[in-house]
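Q: I've got a multi-chain model open and I'd like to learn how to read it. Can you walk me through a few features?

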Amino acid sequence: MKVIAALFSIVLGVVLLVAANDLPIWGDPESPVSVHLSSYFIEHSVEQTSVPNFVTAVLADYRGYDTMFETAVIFCAGITVMTILRRSHRLRKKNVPPRPVREGQDIIICSAARLIVPMMQLFALYVLAHGHHSPGGGFQGGVIFGASFILLALAYDLKTVLSRLKEKTMMLVSGLGVLVYAGIGVLCLFLGGNFLDYSRLASILQVTEIEARSHGILGVEVGVALTVTCIMLSLYADLASGGEMDEGL
Amino acid sequence: MEVNSWVLWQFDVLILLMVLVCAVVALQLRDLVASAISFGAYSFFMCLLWTLMLAVDVAFTEAAVGAGVSTVLFLGTALHIRRRAKD
Amino acid sequence: MIQSQLPILIIVMPLLMALVIFLLGHKNEGLCFYLHVLGMAGLFAAALGILDQVVTSGTAIHYYLGGWPAPYGIELVIDHLNSMVIAMVAAVTLLVAFYSRQTVPAEVPMRTEHEKVPLRVRNYYVLYNLLVAGLLGLTATGDAFNLYVLLEIATLSTYGLLALGRGRAYYATFKYLIMGTIGASFYLLGVGYLFIMTGSLNMADLFTLLDTAFMQQSMSITIAFAMILVGVWVKMAFFPFHGWLPNAYTVASTTSSCLIAPLMTKVSVYVMIRLMFSVFSAQYVFEILGWQKIVVPMAAAAILFGSISALGQKNLKRMLTYIVVAEVGYMVGGAWLGNVNGYTGAVYHILADGMMTLCVFMAIGAVSYKTGDASLESMRGIFRKMPVTSVVFLVGAFAMIGIPPTCGFFSKWYLVTGAYEAGQWLFLGALLASSLINAIIFFRIIETGYFPDFNKAHGHGHHTDKTVVAEAPLSMLVPMVITASSLVLIGLFSKDIINNLIRHSVPPGLF
Amino acid sequence: MADFIQALLGHYNNWAFILLLMIGFYAMIAKNNLIKKVIGMSIFQTAIILFYVSMAVKKNSTIPILDHGHGAVEHAIDVAAYASPLPHVLMLTAIVVGVATLGVALAIIQKIHRTYDTIEEDEIMEIIAQ
């Protein structure tokens, strides 16, 4: 097996080396990648969507359909993990591997976490809201927000976190996030545009079409952030407690 | 080296080496917890590399996801199962 | 207005339905089922609407998401080829939705008797809807990267659906997960090479950009094509990459295998055909590369391997999974024959095989639902106990063998003609041999089912029926009967399907 | 010789990408421990992301964020001054897909461990064969 695997990966490497022969030179500003589509985005994204961060503009508007399914992928993963790992009360006590014993809560870690968590959450909101102008956006903001809960769960324990953010609420919000995204898309349909054509929101928001696109992007980013926050926490809670939702690491 | 004069290529090469080392170490360590931690280091160096390549959004995501959440998920699983790996 | 929005509706409807079921269904599992059937019925209506639209207008429908023009935004392209596949997917999902009424609560492991966990049932339907959204999306899309994302959502929900099976399901699913990720990553890598050479992701745009002498000589493009092919082949379990399929599908629950076995491989075959002819061109694939010399014999090997392995299986479900591997060989081989008849056979077979795989899987599922297992032994005397199910199985078996009024005959006819025209004698031989082997397999089962006393007299006399087996519930019978009759109908109307749909989708360059 | 070194170094991202791809692919197939397989899978995916990201680089360019800030653009945008945004967008999606797959894989591993009490492939095969 090992020999076959090594052989396969060497073949793969050689094939890729051969392919590397006629690739454009690295860093060439005239290469097709830089010229064909990307230049259009760089030139037009500000005038069409008023978002200076090209990546955000392309992610949430030009290719917003991809991003909707990216959110759905995360949602799908959360549900799959939950469904796979959860087990009933009857089987709970059986067949559970011995767990490392937790020796009380460390006061330094707990105090530090108390200090850091609000900062992290504030930063997450900043990243989410400022994604138009700086690196960041719904996904990054959501992960940081989720990570702040994970930090809390690491410092205290999972029960503390789940008593603040009920599991049912968590899953509900994760569904709502995708619904916000798809809902904005469907709203655009009802307003007479194509799916995810944010410029149609102008009539509701009372702004110009270009600004409507910018607001639409913010709206879907919020949806992404909701889903990602909840699913990240739920992934951690399920995996770290083996589906029992009692105790984290 | 006029080829790469617009970035500090020595720095670039160093990070690339670290990425490779971390990848190999993560796969070779027998202790799964240590393996998870060095996978976190791998992700972190990868994110530095992408920052150098001007992909700030991607690097940001990788720092949050790869070095942060993925590592914790690996740790969570590694502590639930037999920690020693055979290879 | 709704007419022009149909292309997106077929994708967003299951996605929204997944969320609605998720948000409303945690109290009442019956509600999940009704919502689900409602959504699938709407979906089927929309799919028929789009099929009608394509046939009457005679041209492809382009739908620009976000209102952005084609190479910059993502577009959906629905033409004669994929409107047929969409209709097939929608029909299969609707039929399985009815079928799932009894099987899902019975088979999704509930773990407890005293404490009901309807969450699993709800989650099952959510994943089901996400799978349908992914499959329809990747069928309708006209963007190479978007296809990757939707492929991932389809496979991710497949992992969830398969892992809800029993016992060995987890290890089999893990194997599938590793193989599936390799496949998807290879696809992504191939798209990366196309992207670095052309700078585009839109399929129509790629087609024009690749149509130059420089691109056709380029090693990178060749390797991109190879990567994409390998990726898609892993996903469809084409012969050397088929290892994950039999294990994963055998241990899956009845509904999951009824849903995934007909759809996943066929949609992957569609993806291969779409990429071969809409991104690359027939001229590039068959004349410049000329890989049909390798791929068609590989397909022949897949057919022979699948059929012969199926012959040796005791478990009926496992046997069917090997037949699925063989059927993939039919379609890949047909598409690579490089002539109109082969192409027609392959595309027609996507439709026919989707329905006939569904038919036999549903029949075997009904038997195992009633008798508790899916071995050859469980079929003993089944004709007397479950007459309708056995007739359905019989029709499915006839279609698999390729007996005339059923659709299996016509696809084989075109494939055989195509193989003859292309001079691919090995493939031709494999097709005929596989029909023969299928006949042996199915007549063996039919014999067991029809003449229960024949073997009893020879040593099995002590075998008594512990359980009185009656006919399957109506919620399973109705979709089974519809599927079986559709097999005959697709066969009888094969001329119309081919003339109105498939002939219009024949790519230029085939003769 | 100097040319060769220059070519070698000029494409060092390519080398690293191919090496990582090989490492990840090997680990996915050959490693016995399921967690190691999953780590290999993640390395394989990040290698592909590295490939996409490195194709977006342009000489003497900066990050793909317009530095005019708000409002209308007075003068034409210099395309060559910004790295290509499109590959970055694609890879954001790919990272998300990667972490989703990772979560599902780890959940399945935990379930396998509950069923077989091991996550070594050869031991699982032995148990199944019985």
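Predicted model: local features only at pLDDT ≥ 70, side-chain atom pairs only at ≥ 80, totals over all residues.

Q: At what angle do the axes of α18(C) and α19(C) cross?

A: In general, two packed helices are described by the angle between their axes and the distance between the axes. Here, the axes of α18 (residues 407-422) and α19 (residues 425-450) of chain C cross at roughly 155 degrees and come within 8 Å; axes are lines fitted to C-alpha atoms over the stretch in contact, with angles from 0 to 180 degrees between N-to-C directions. That makes α18(C) roughly antiparallel to α19(C) (angles over 145 degrees). Residues making the contact (C-beta atoms, placed from the backbone, within 7 Å) include C:Leu415 of α18(C) and C:Phe427 of α19(C).

Q: How many residues does chain A bring to its contact with chain C?

A: Chain A gives 49 residues and chain C 51. On the chain A side, α5(A) supplies the largest share, 14 residues.

Q: What's the secondary structure of chain D?

A: Five helices and zero strands, counting DSSP runs (H or I, at least four residues, for helices; E, at least two, for strands). Of its 130 residues, 63% are buried (20 or more other C-beta atoms within 10 Å of their own, placed from the backbone).

How values were computed
Residues numbered from 1 in each chain as written. Chains lettered and ligands numbered in written order. Buried ≥ 20, exposed ≤ 12 C-beta atoms within 10 Å, placed from the backbone. Contact = placed C-beta atoms within 7 Å. Parallel < 35°, antiparallel > 145°, perpendicular 65-115°, else oblique.
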